[in-house]
Amino acid sequence: MFRHIVLLAWTADATAEQKADVAAQLAKLPGAIPEIRHYEIGVDAGVNEGNHDLAVVADFDDVDGYLVYRDHPAHLAVITDYLKPILATRAAVQHQL
């Protein structure tokens, strides 16, 4: 298995509606990209100051499955149309399970 983890932080002017739209659109990706084996989206609990705002954890059979996801038009559309307009910072890591 291959895991992809992304942490996202929003701009100060991001609205609640925009934030919800990102999560809603990301949640549609498992139905559009069969290579996704497991997909979790989590909003930060707000316990520690300075955390990122949203986490995505995605599992794939292998690196090739991840690459299909990374380059998939549905995923790229979510990034372009919903994520980038409110994205302040992004951190990511991929690793073998």
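I set the burial terms before anything else: buried is under 20% relative accessible area, exposed is over 50%, and partly exposed lies in between (1.4 Å probe, protein chains only). This is a predicted model, so local features need pLDDT of at least 70 and side-chain atom pairs count only at pLDDT 80 or more, while totals for chains, interfaces and linings use all residues. Residues are numbered from 1 along each chain as its sequence is written, and side-chain values use heavy atoms, with hydrogens and water left out.

**Entry 1: salt bridges.** I counted a salt bridge when a side-chain nitrogen of Lys or Arg is within 4 Å of a carboxyl oxygen of Asp or Glu. That rule gives 3.

I looked at D59 and R3; their closest N and O atoms are 2.7 Å apart. D59 sits in strand β3 and R3 in strand β1, 56 residues apart, so the pair links distant parts of the chain. Strands are DSSP runs of E, at least two residues; helices are runs of H or I, at least four; both are numbered from the N terminus. D59 is buried at 5% relative accessibility. R3 is partly exposed at 23%.

I then found R37 bridged to D61 at 2.9 Å, N to O. This pair also links distant parts of the chain: R37 is in strand β2, D61 is in the loop between β3 and α3, and 24 residues separate them. R37 has a relative accessible area of 45%, and D61 has 41%.

R70 and D71 form a bridge too, at 2.9 Å, N to O. Both are partly exposed, R70 at 37% and D71 at 43%.

**Entry 2: helix α4.** Which residues of α4 are buried? I found H75, V78 and L83 in this helix, residues 73-83. They lie on the same side of α4 because they cover an arc of only 55° around the axis, taken from the directions from the helix axis to the C-beta atoms. The face turned away carries the exposed residues P73 and D81.

I checked H75 on its own. H75 is buried, at 9% relative accessible area. Its side chain reaches the backbone oxygen of R70 at 3.3 Å. Taking contact as heavy atoms within 4.5 Å, I listed L29, I33, Y69 and R70 as touching H75, leaving out residues up to four places away in sequence.

Key. Polar contact = N/O pair within 3.5 Å; in protein donor to acceptor, adjacent residues only side chain to side chain.
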